[in-house]
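Subject: A structure for you to look at

Hello,

Here is the structure I promised to pass on. Have a look at it first, and my notes follow below.

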Amino acid sequence: MQTGTRAVSLAGMYITDSEKDMTHYGLPRLTLGAGESLTVYCESNYHALNEYICNFNLGNGETLYLYNSDTREIEDSVFMKRMGSNETYKRLPGCDTFRFVKIKEGP
């Protein structure tokens with residue numbers, strides 16, 4: 001969730017679960033406006049059309065990093081807690097912390 005008031009470009013931004021490979025998964029070259037978000041599935045065996053799926057899994061006790069290759073700095077990070085089945089971990093609108101959210105099944 002883009003919590004700022006100005007648009008933010010994702011060009012040159014990466015997510016990773018390894019401090020040894022900060023450019024593990026390049027985010028799409030999109031611009032997010034205030035309040036907009038991008039969902040990226042961190043599950044290497046997840047396959048779906050028209051969705052962003054990174055090439056690594058996230059597990060209990062790992063840290064997810066948001067890395068800016070232009071400044072060579074970590075922009076944000078979140079420690080992943082144990083999730084139940086049909087749960088995801090995301091930043092909710094108007095909130096600087098992450099919360100567990102149930103995944104809706106079906107249409």
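A word on terms before the notes: contact means heavy atoms within 4.5 Å. This is a predicted model, in which local features need pLDDT of at least 70 and side-chain atom pairs count only at pLDDT 80 or more, while totals for chains, interfaces and linings use all residues. Residues are numbered from 1 along each chain as its sequence is written, and side-chain values use heavy atoms, with hydrogens and water left out.

The protein has 10 strands and 0 helices (DSSP runs numbered from the N terminus: E, at least two residues, for strands; H or I, at least four, for helices). Strands pair here if DSSP finds at least two bridges between them. An open antiparallel sheet is formed by 4 strands, in the order β3-β2-β7-β8. Since β3 (25-26) and β8 (73-79) are at the edges with a single partner strand each, one side of each is left without a neighbour in the sheet. Strand β2 (residues 13-16) runs antiparallel to β7 (residues 63-68), with 4 bridges joining them.

I15 stands opposite L66 in β7. Beyond its neighbours within four places in sequence, I15 contacts H24, Y25, L27, V40, C42, C54, F56, L64, Y65 and L66.

I15 also turns up in the largest nonpolar core, which has 13 residues; I15, F56 and L64 have the most contacts inside it. Such a core is a set of buried Ala, Val, Leu, Ile, Met, Phe, Trp, Tyr and Cys residues joined through side-chain atoms within 4.5 Å. Buried residues (under 20% relative accessible area, 1.4 Å probe, protein chains only) make up 24% of the 107 residues.

Best wishes

How values were computed. Buried < 20%, exposed > 50% of the residue type's maximum accessible area, 1.4 Å probe, protein only.
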